[in-house]
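Thanks for coming. Please look at the structure on the screen, and I will talk through some of its salt bridges.

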Amino acid sequence: MTDHSKYIDNVRIRRRLVDLIRIPSVTGEEDACIARLAEWLWELGVEVDHWFEGIADMLTDPDYPGHEVERAWLPVVVGVVRGRKPGPTVVLTGHVDVVPPGDIKQWTRDPYSGYMDGDTIYGRGASDMKSGVVSALEAFEAFARGPRDFAGRVVFVAVPAEEDSGLGTLAAIRRGWNPDAVVVTEPTVNEGRPSLTVAHAGAMSFFLEVTGLSAHASRRHLGESALDHYWAIHKALREDEKLINESEAHPLMQALELPYATNVGLVKGGEWSSSVMDRLTAEIRVGVPLNETVKQAWQRIQRVIEQASQDSAWLAENPTRARLIASGFGSAETPMDHPLVNTLTEAADGVFGETRVTAAPYGCDMSAWVRLTGASTVIYGPGDIYWAHSADERVSLEATQKVSQVLVRTVEQLLTYSPADLNLPETASAANG
């Protein structure tokens, strides 16, 4: 097979990265960024699938994960390069949506400037994850520009809506883009070089409502404080968090300080300091272990709440109400001895030096590719998670360029495998219930 890495153009990488950063694409407003990628794909002369998935259709999908940002459609673009004979389908993918810039005063430069200082490019999305999208696109383009003397297909997929739901990737999967192996180019740089992430936690969020009984503050003993009753449930959730973390058996997840976090992100209660709080609501995010689906995790949380309520006569008569807000991302794992892991590790070692294989305590689009298609999937990209979502977000141009080289070498080797060798065992890719 031809060495496709010679078709990588570092000048093109820089130009495109700056271009994408300068297009504001906060979640829900990704149309222009996806359109720019579609334009580049059309210019390349490859097969292009650019469409707008109606949100109404996604709401009825059995694996609909929920979403936070209101929208009417999801813009998605896919590019395809076909080899000269049948073989595996390898997907390189990333999301174009970014979080809002936040307090502009905390930035030293315009968040959408794409300003370059030496090797560093600044701007919202530089690290998470427009650099990864550009690396993936450049690797894809290397196969488009070079000879098609390979088996199978190389596919580039750019999606919206990762920051709030993962709906973009679900739309691509429902469109029929079912690969054998996937590299999600999310930020994985740690201590100056990208790590290879092969497993990640899942997450879901739920709404909790606790009922109390109002009384005058001076006669607090005659009321029932919703805060006090919430505290009993809170302690039970913390105990459950401890239990699932202590029960984790995966060595890479064990190496994390807190693989599965339960976090209370929003609490509201009461109307007046002189009244006993008669109602409290909370929005809570819960980690989903590797051995659970989101459905199973939700059932676990409901049991925790029910058991905590049994010790309180008040809660037994006034049940706490819990409602799932978003199922978000399930957990996902590709075995550490899988050909995809070995192939990418070898390629990365050759470009960056020794590569760390890691797990992550947060979720991303890897979950959908694993659980809904059965494709082996890993996370590997040029961004640094330290700078993701932060003021003065930045990325190394050199790392972005080098990741493109790693991806080309990886894809070249993956295309020599049969699809069956790359797909995950059924047990590892059981769909979220």
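One cut-off before the details: a residue is called buried when its relative accessible area is under 20%, exposed when that area is over 50%, and partly exposed in between. Keep in mind that this is a predicted model.

Start with glutamate 138. Its relative accessibility is 1%, so glutamate 138 counts as buried. What does its side chain meet in a salt bridge? The partner is arginine 12, at 2.6 Å from N to O. This pair links distant parts of the chain, since glutamate 138 sits in helix H4, residues 126-145, and arginine 12 sits in helix H1, residues 10-21. The two are 126 residues apart.

Arginine 12 is also buried, because its relative accessibility is 9%. It has another salt bridge, to aspartate 9, where the closest N and O atoms are 4.0 Å apart. Is aspartate 9 buried or partly exposed? At 30% relative accessibility, aspartate 9 is partly exposed.

Glutamate 47 and arginine 82 form a salt bridge with their side chains, 2.5 Å from N to O.

As for the total, the structure holds 18 salt bridges.

Definitions and conventions:
Residues are numbered from 1 along each chain as its sequence is written. This is a predicted model: local features need pLDDT of at least 70, side-chain atom pairs count only at pLDDT 80 or more; totals for chains, interfaces and linings use all residues. Side-chain values use heavy atoms; hydrogens and water are left out. Buried means under 20% relative accessible area, exposed over 50%, partly exposed in between (1.4 Å probe, protein chains only). Helices (H or I, at least four residues) and strands (E, at least two) are DSSP runs, numbered from the N terminus.
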